[in-house]
Amino acid sequence: MKFGFTVSSSSPDTSSGDESCVWISGDENDGGSMEKSKDKQSLGVQNISSHGLLEQTESATHTTTSSLNHSALVSMLKENKMNWISFVEKLKLNINNLSEGSLEELVKDLASFIPKSDLTDAEKNCADQSYQAYLAVRQGACREDQEFVTESESDDPEDWVQLKEATAESSQLQNKIKKQAIILKKYKKRLIAKDVARLCILKRKVPNRVSKTVLKYPNIGKDIEKFARENPIGADSWRKTGLLTFSGNTKRGPKLTYKRIQAHLEEKYGVRFGYGTVVQLCCVKNKRKLSAKRYFGVAKIVSKRARKGFSVKLNVDAHWSCALYNGLDFLQLKDGRDKMILNRDDAAGFRLDSTFTHKQHKILAEAGNPELTTRTTDFLNKYTATLQTSSYMFLETETTPETCIGVVKAHKVHHKNPAQHASDLEMLESNDEAKSSLAGQIDCIRVDGATDEGPSHYEVQFMWTERHINHGKICTMVTTRFAGGSYLNKVELQNGCLALGHSNVYIPSTIHGSNIVNGELDQEKLCKNLEAAITVYTNTVNGSPCGGKPIHLTRGSTDEFSKKKQERRNRLLIFLRESKKKKKELQEGHPEEYNYFLKIWRVREDHMVKDLPENYILMLVPCYKRDCVHPVCRKGCPEKEATWFKDGPPITFIPLPIPDPKRPFGGNCENCKQNKQNCTGHYLPPELQYEWTVKNGMNYSVQPPSKILKIFAKTHATFTEDDVKLLASECLLSESDVQMWLENVNNGKKRKAATQNKSKRVDKNQKEDENEKADENKKDDENEKDDDEDDDVYCICMQPWDGRFMIQCDTCEMWYHGSCVGIEEDEADLIDDYQCDLCG
């Protein structure tokens with residue numbers, strides 16, 4: 001069935017009765033009257049000009065919805081030059097009784113067919129861009145407030161289609177054309193009025209009172225700026241207090257507002273200022289607005305959001321650590337075919353029975369039926385039900401791809417300690433996705449500095465030495481960044497992608513039933529439910545994208561290998577940390593295990609590269625001694641030393657930062673000049689470090705600034721300006737940072753001494769009181785003595801000080817038993833700045 005209408009191209013003034021608007025209706029195969037029309041005019045769609053005339057468009061074939069096919073629609077779209085907006089309007093105009101829903105379905109169906117059609121690539125691209133524009137226009141039209149179109153002015157295309165038998169001179173058609181011309185004229189008038197109003201705003205004079213205020217008080221802008229500087233509330237307002245925010249200063253007023261500025265000016269000048277005047281004295285937020293001309297900007301005050309840009313804690317090793325990692329990237333990321341380059345970190349915990357901690361991101365859902373999250377005040381269990389994923393990112397090199405693995409573990413089922421990490425890594429040796437990345441004779445591991453991963457901890461060193469022996473590695477290097485700089489590790493990207501992957505996912509901790517039996521927590525039932533939760537989490541989040549690569553999830557190790565490591569862990573800690581007496585008891589009770597521990601530790605002593613900053617680097621290389629149990633050492637020293645990459649430096653070369661002689665401290669660095677900063681010196685680029693070392697030796701490399709400053713602080717009770725300048729040039733730091741660090745160290749010494757003295761006094765008084773009470777209360781047995789108990793408890797074990805070595809956190813100032821946090825007394829001397837697990 002074909003239908004449509006055609007109109008002559010002549011104007012209404014032409015008195016030709018032969019050229020008329022004729023409605024056409026008939027079968028497609030009927031070649032009767034339609035093909036034998038006297039002018040043989042082609043069918044077309046007509047547009048209305050601003051003069052009220054009908055202009056004939058290009059010919060087009062129109063079909064009903066029942067007979068419309070993709071080919072016909074594509075042909076119509078091509079006739080409209082791939083313009084979807086024009087195409088849809090023609091459909092509306094020429095298909096009668098087509099509802100909005102049917103039209104939308106028709107358009108969507110055609111859009112999905114376009115990529116499969118026989119159009120050229122250029123035409124498909126043009127059609128796609130036009131379709132996106134059509135969708136944007138349609139959405140904007142839905143949101144737009146039709147403020148200038150009244151009901152009497154609305155123009156319905158159906159009105160034009162209903163003009164079936166009307167001629168060009170008919171009153172019905174002429175009235176319709178006149179009505180449309182009136183609508184267009186009114187619309188044009190409104191546009192002109194809007195433009196005139198805009199010009200009037202631009203020409204409007206600025207109020208005289210603001211100008212008079214500026215002339216009368218020329219320093220009013222500086223007064224406002226000074227008042228703003230004296231009333232900060234942001235993080236940077238604490239920066240001057242030292243490394244941490246321990247200043248004792250509680251003097252902080254309310255935040256800065258225009259009202260407070262107004263009150264301050266009125267108090268200072270003794271006259272009344274209008275609120276609008278105060279606002280217009282400041283800077284405009286958006287200069288493109290028409291009202292921007294009314295702002296004077298004499299005070300550099302603007303209303304904006306706070307931005308990130310402040311670190312609460314100053315770490316003097318940041319520059320040094322970044323230079324070290326630049327060197328590591330140069331050596332390790334050239335060729336990864338003989339290396340395992342692992343960046344590992346624990347992602348944030350995923351709490352079961354709730355989506356409160358992971359509902360911040362968007363998620364796809366059925367329209368009108370969104371996914372539901374728990375409420376803000378959601379239910380909290382009395383037991384811990386949390387999953388945590390350890391992210392294993394095997395870094396991309398110039399020769400090997402990147403691989404992302406996530407090991408999902410649960411509290412009560414898995415442990416968070418070096419033994420668990422070693423078991424997980426051993427498990428990944430048989431993982432199809434990870435085993436190719438674990439091959440090679442060189443292990444390069446990048447971790448954070450926590451007690452379960454940091455290279456300075458004895459248990460961590462033991463585990464890596466054990467792997468170093470069992471897998472016959474020629475080099476094992478474990479490194480960490482400066483405290484607070486772990487965000488620079490690429491694995492943090494994987495952690496963020498996991499957060500997106502599990503966003504709005506709800507997993508209960510009661511999949512197999514309640515964990516409470518007879519009012520008590522059933523540990524066996526809880527572990528069963530947590531195992532099930534791991535399965536659900538893995539199935540749901542597995543394959544989440546991370547930089548174009550999928551994250552492959554697997555559950556943590558719970559096999560016999562892992563159980564054996566956990567079972568022996570307490571004895572290993574006795575070997576590593578406890579007194580000689582307890583070590584002797586261990587040797588007598590478990591002689592085979594003791595000898596095994598001793599064998600591993602001797603390899604660690606022989607293979608560990610000395611004189612390295614232990615807080616940042618652990619490096620093991622073969623010693624090639626005849627009695628060494630390491631398989632590489634047994635083979636003897638090779639003729640050619642292994643290198644980091646082909647024709648590169650030997651693996652014994654460590655890229656410790658070396659100051660650049662061409663860009664020294666206080667020099668004329670171009671980059672620093674551009675940033676208007678005093679140059680504090682730079683380190684050599686990684687590609688020049690090895691050449692410099694060959695010519696000049698390693699004596700020019702520098703230790704971490706924190707170690708240099710710590711040594712100085714121990715040997716000097718006070719410091720002078722010359723000392724500060726000398727240390728700044730040696731550490732490549734600004735003098736203000738050095739002075740701030742030294743002052744904070746001295747303040748920390750005083751606080752620690754005061755805390756220790758107070759603790760000793762309290763302990764002594766408490767013991768005296770307890771002894772007196774014990775003497776008064778003993779009745780039956782005079783020899784019976786109450787055990788002295790210290791009411792003050794410390795550490796994560798919540799036990800008192802019992803003569804054991806203790807270490808204080810430099811952030812929260814809480815005391816911890818060395819044996820509880822895995823730190824020996826002699827090991828503590830190497831720690832410049834200790835942070836507990838809660839603070840670190």
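Here is a short tour of the structure, one selection at a time.

Before you click anything: this is a predicted model, where local features need pLDDT of at least 70 and side-chain atom pairs count only at pLDDT 80 or more, while totals for chains, interfaces and linings use all residues. Residues are numbered from 1 along each chain as its sequence is written, and side-chain values use heavy atoms, with hydrogens and water left out.

**The whole protein.** Start with everything shown as a cartoon. You have 27 helices and 17 strands in view; these are DSSP runs numbered from the N terminus, helices being H or I with at least four residues and strands E with at least two. Of the 840 residues, 40% count as buried, meaning under 20% relative accessible area with a 1.4 Å probe, protein chains only.

**Helices α1 and α3.** Now select residues 70-79 (α1) and 100-113 (α3), which pack at an angle of about 90° with axes 11 Å apart. Axes here are lines fitted to C-alpha atoms, over the stretch in contact for helices, and angles run from 0 to 180 degrees between N-to-C directions. The pair is therefore roughly perpendicular, a label for 65 to 115 degrees. Show side chains for His-70, Leu-73 and Val-74 of α1, and for Leu-106, Asp-109, Leu-110 and Phe-113 of α3: they make the contact, which means heavy atoms within 4.5 Å.

**Phe-350 and Tyr-537.** Next, go to Phe-350 in strand β6 (residues 350-351). Phe-350 counts as buried because its relative accessibility is 1%. Leaving aside neighbours within four places in sequence, Tyr-537 is in contact with Phe-350 and others, including Leu-387, Val-408, His-502 and Leu-553.

**Two positive phi angles.** Finish with a pair of loop residues. Asp-353 lies between β6 and β7 (386-394), has phi near 65°, positive in a residue other than glycine, and counts as buried at 10% relative accessibility. Then jump to Leu-732, between α24 (721-731) and α25 (735-777). Phi of Leu-732 is near 60°, again positive in a non-glycine residue, and Leu-732 is buried, with a relative accessible area of 5%.

How values were computed: Parallel < 35°, antiparallel > 145°, perpendicular 65-115°, else oblique. Buried < 20%, exposed > 50% of the residue type's maximum accessible area, 1.4 Å probe, protein only.
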